[in-house]
Amino acid sequence: MKKLLSLLKNVHQFFHLLVGHSMGRIGAFLIALVLIAAVFAPYLGTVDPQASGKREDILNAPSTRHWLGTDDLGRDVWSQIIFGSRVSLAIGLITAFVTVVTGTLIGLIAGYYGGLIEEVLVRIVDFFMMLPVLPLMIILAAVLGPNLWNIILVISVVSWPTTARVVRSQVLSIKERPFVEAARCIGAGNVRLMFAEIMPNVLPLMFAQAVLMITYAIYDEAILAFLGLGDPTRISWGSMLHFAFESGVMARSPWWIGPPIAGIIVLIVGFSLLGTAVTDVLTPQYKEAKGL
Amino acid sequence: MNLTGFAARKAIAAVITIFAILCVNFIIFRIAPGDPVRMMFKDPRVSAKALELQRQKFGIDKPLSGQFLAYMKQLSRGDLGISFWQKRPVTEVIAERIPATLALVLTALVIAVVLGVALGAIAGWRNGTKLDTFLLTASLTMYSIPTFALGIILLLVFAYFLSIFPLGGIATPASGFEGFEYIKDVAWHMFLPCFSIILWYIGEYVLLTRSSMMDVLGQDYIATARGKGIKEFRVLKNHALRNALLPVVTLTGINIGFAIAGVIEAETVFSWPGAGRLVYDAVVKRDYPLLQGVFLLFAVSVVLANLFIDLIYGFIDPRIKVGAK
């Protein structure tokens with residue numbers, strides 16, 4: 001109970017510092033914009049984003065009926081943007097969760113047990129870090145077939161090694177601290193030592209990694225979709241750019257390509273700013289400078 | 001351990017990695033859901049016997065171990081199969097794309113590294129000033145914008161609306177340019193794709209050199225050098241930057257795998273006829289042998305580039321030589 005309270009206090013202090021960080025504030029604001037679009041999509045999107053229009057609806061410039069105009073199939077760009085935010089956010093959040101959980105588990109096991117287990121796991125991580133990320137994702141997405149869950153799987157497969165690597169090096173230093181030895185002396189087993197003693201100390205790092213992984217995943221989904229490997233049943237910002245690029249008329253319809261580019265940049269810059277702020281706030285020097 | 005031993009160990013590790021890549025490449029195309037022959041012949045009227053014949057033809061009737069041996073044998077002859085789309089050997093299709101990609105990547109990389117290291121060193125040196133904040137924010141922003149999005153913006157503004165640069169390709173078709181004129185034409189075509197790659201790479205080098213420079217500038221030997229009355233520029237160049245560059249070299253190696261993404265995006269947007277654009281074409285045409293071939297090319301290049309960088313590191317890092325004694 002005492003442990004939980006001190007954890008809560010730390011979490012509170014962390015968010016307090018984060019709000020005080022200017023990059024963190026701007027980042028959170030940008031993310032909030034997209035989050036609102038995603039949550040209230042059915043109320044904000046005026047029409048079904050997938051519904052094709054009649055011939056006179058094709059490539060319309062922005063008007064009161066179509067706020068951001070229409071694409072080459074007469075679909076409403078504004079609604080596509082609003083609903084597309086859901087794809088980016090969902091993929092970012094789910095992938096980050098999968099990646100951070102997998103990476104932490106592997107990093108924890110490698111760092112805690114050491115020896116042969118560590119040797120093998122570190123080799124596997126190094127091998128994955130060596131592979132060219134985008135070609136590997138493309139090839140996997142093409143082979144497995146592009147749908148939302150496969151895209152999440154594909155991005156996770158290439159992303160977990162980064163988390164595993166940083167968690168392992170953190171675990172290596174934490175496991176030498178006296179409190180771990182003390183817990184061992186009073187009879188704590190391996191699982192208890194790993195998850196109850198060491199992992200709480202890795203939590204801040206996991207959080208920083210999660211923000212980083214959300215950023216990467218959004219970036220990766222946008223690229224895959226732009227290359228034509230997006231989920232064909234869900235319009236995302238990347239796939240809007242794919243259709244615009246393939247149509248050959250993107251230069252004549254800036255209202256079609258401008259919004260998805262802006263959306264991608266807002267979301268990715270938002271998360272990178274937040275990520276930088278999180279990393280800053282977590283360094284001991286920053287807390288000292290703020291007198292904590 | 002001496003330098004030769006160090007080099008040999010790195011070379012063996014590279015060979016093992018390449019073998020592992022070949023295995024991954026083999027496995028990926030066999031975890032594909034569904035029967036490949038059934039996918040090719042969707043018509044239900046095709047008889048079971050005809051399907052069996054097709055399986056024999058492609059060698060997928062054999063057990064996996066036999067398939068793996070056949071695949072390795074094929075690879076050792078440099079045979080990557082036939083491209084579905086171009087109906088030519090994959091090796092041939094890829095080989096003719098390599099020079100264009102190399103030209104683009106090397107130009108972009110050299111410019112990005114030189115500029116990035118210089119700007120990063122200045123930012124680290126003037127740490128905390130307005131100039132530093134500006135360089136830091138600009139780098140973070142540039143690093144966050146996907147290359148393809150940046151490319152599309154550049155393409156529309158500079159090629160389409162302002163018509164300063166061409167819309168794509170590597171040279172003006174049927175221009176009849178020769179010699180210097182031709183090089184000038186290629187450079188003009190290369191500017192925008194190169195620029196969009198540089199803007200992405202450069203941010204990373206600025207951030208890296210900056211933090212590395214800040215570490216080094218806090219060391220005692222810098223204070224000693226300044227105390228001896230050596231001019232500030234020489235302290236920076238000979239004492240600080242030299243040591244700050246070591247982590248930059250290591251990270252260049254690690255990042256090559258990521259850097260390839262920028263090449264694929266820029267080549268796709270600007271129709272640059274290189275290996276990166278080939279990835280896009282292979283995806284759109286669902287040309288699996290070609291996709292597999294390009295993946296192998298990129299993966300093996302990354303391993304070789306890393307080996308090269310490790311060897312350079314062996315020469316420039318005094319600690320590796322000192323360890324020999």
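Does A:Ile109 count as buried, exposed or partly exposed, and how many C-beta neighbours does A:Ile109 have inside 10 Å? In this predicted model, A:Ile109 has 19 C-beta neighbours inside that distance and therefore counts as partly exposed, since a residue is buried only if 20 or more other C-beta atoms lie within 10 Å of its own. A:Ile109 is located in helix α4 of chain A, which spans residues 77-113. When residues up to four places away in sequence are not counted, A:Ile109 touches A:Ile117 and A:Leu121. The C-alpha atom of A:Ile109 is separated by 37 Å from that of A:Leu227, a residue 118 places away along the chain.

A:Ile138 belongs to the largest nonpolar core, which has 158 residues. Together with A:Met137 and B:Val294, A:Ile138 is one of the residues with the most contacts inside this core. Helix α9 of chain A (residues 190-229) provides the largest share of the core, 21 residues. In soluble globular proteins, nonpolar side chains tend to be buried together.

The contact between the two chains takes 31 residues from chain A and 37 residues from chain B. On the side of chain B that touches chain A, at least two residues each are supplied by α1 (3-28), α7, α8 (147-161), α11 (232-269), α12 (275-284) and α13 (288-316) of chain B. Of these, α13(B) gives the most, with 9 residues. By class, this side of chain B consists of 29 nonpolar, 7 polar and 1 charged residues.

Two of the helices on that side, α12(B) and α13(B), also pack on each other, at an angle of about 150° and with their axes 9 Å apart. Angles over 145 degrees count as roughly antiparallel, so α12(B) is roughly antiparallel to α13(B). Their crossing is left-handed. From α12(B), the contact is made by B:Ala275, B:Leu278, B:Val279, B:Ala282 and B:Val283. The residues from α13(B) are B:Leu290, B:Leu291, B:Val294 and B:Leu297. This contact has 9 nonpolar residues, with no polar and no charged ones.

On α7(B), the contact is made by B:Leu135, B:Ser139, B:Leu140, B:Met142 and B:Tyr143. On α9(B), B:Leu199, B:Trp200, B:Ile202, B:Gly203, B:Glu204, B:Val206 and B:Leu207 take part. These residues divide into 9 nonpolar, 2 polar and 1 charged.

B:Leu208 likewise lies in helix α9 of chain B. B:Leu208 has 23 C-beta neighbours inside 10 Å and therefore counts as buried. Residues up to four places away in sequence aside, B:Leu208 touches B:Gly120, B:Pro247, B:Val248 and B:Leu251. B:Val248 is 40 residues from B:Leu208 along the chain, and the C-alpha atoms of the two are separated by 6.4 Å.

Technical notes
Residues are numbered from 1 along each chain as its sequence is written. Chains are lettered from A and ligands numbered from 1 in the order in which they are written. This is a predicted model: local features need pLDDT of at least 70, side-chain atom pairs count only at pLDDT 80 or more; totals for chains, interfaces and linings use all residues. Two residues are in contact if their C-beta atoms, placed from the backbone, lie within 7 Å. Helices (H or I, at least four residues) and strands (E, at least two) are DSSP runs, numbered from the N terminus. Ala, Val, Leu, Ile, Met, Phe, Trp, Tyr, Cys and Pro count as nonpolar, Asp, Glu, Lys and Arg as charged, and the others, Gly among them, as polar. A residue is buried if 20 or more other C-beta atoms lie within 10 Å of its own, exposed if 12 or fewer, and partly exposed in between; C-beta atoms are placed from the backbone. A nonpolar core is a set of buried Ala, Val, Leu, Ile, Met, Phe, Trp, Tyr and Cys residues joined through C-beta atoms within 7 Å. Axes are lines fitted to C-alpha atoms, for helices over the stretch in contact, and angles run from 0 to 180 degrees between N-to-C directions. Angles under 35 degrees count as roughly parallel, over 145 as roughly antiparallel, 65 to 115 as roughly perpendicular and the rest as oblique. A crossing is left-handed if the near helix is turned anticlockwise from the far one by less than a right angle, and right-handed if clockwise.
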